Amino acid sequence: MKREELFSYAREHFKSEPEYLWSKLPSYAVLRHHDGKKWFGIVMNVPGTKLGLKTDDELDILEVKVRPEYIGSLRKKDGILPAYHMNKEHWVSVLLSSSLSPNEIHELLADSHGLTSCKNISRRR
């Protein structure tokens, strides 16, 4: 999946535009809730070696929040790795160039959107 396809999906389904927050990392983009500004996804390009892979090539990844009880089984899937930037107990990195289908990536993004919504957060308090 290409970044633009992912951003188009986020735009259409969550009214979220990618935001580029860091001048030193101009290709890193966050996806936020339109009502609360809480992040539900981060798209980054990272050298494979920083993800534990045997390549120096820059790879596009999407970081999403997942239910802690799903982390172990998700990490067994090709293309899903421990989170690079966020808390590894709650987030995973998804290789956009992996064999995961666009639908699988969309489902992970949708789940992350739900888990990070203000309504969901206030229910857990």
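Are tyrosine 9 and phenylalanine 14 buried or exposed? Both tyrosine 9 and phenylalanine 14 are buried (under 20% relative accessible area with a 1.4 Å probe and protein chains only; exposed is over 50%, partly exposed in between).

This is a predicted model, in which local features need pLDDT of at least 70, side-chain atom pairs count only at pLDDT 80 or more, and totals for chains, interfaces and linings use all residues. Residues are numbered from 1 along each chain as its sequence is written, and side-chain values use heavy atoms, leaving out hydrogens and water.

**View 1. Tyrosine 9 meets phenylalanine 14.** Four aromatic pairs occur in the structure (ring centres of Phe, Tyr and Trp, the last by its six-membered ring, within 6.5 Å; planes under 30 degrees apart are stacked, over 60 edge-to-face, the rest tilted). Here the centres lie 5.8 Å apart and the planes stand at 75 degrees, so tyrosine 9 and phenylalanine 14 are edge-to-face. Together with Phe40, Tyr9 and Phe14 form one aromatic cluster.

**View 2. Tryptophan 22 meets tryptophan 39.** With centres 5.9 Å apart and planes at 85 degrees, this pair is edge-to-face. The pair links distant parts of the chain, 17 residues apart: tryptophan 22 sits in the loop between H1 and S1, tryptophan 39 in strand S2 (residues 39–47). (Helices, H or I, of at least four residues and strands, E, of at least two are DSSP runs, numbered from the N terminus.) Tryptophan 22 is partly exposed at 30% relative accessible area, and tryptophan 39 is partly exposed at 21%.

**View 3. Leucine 25 in its loop.** Look for leucine 25 between helix H1 (3–14) and strand S1 (29–32). Its relative accessibility is 35%, so leucine 25 counts as partly exposed.
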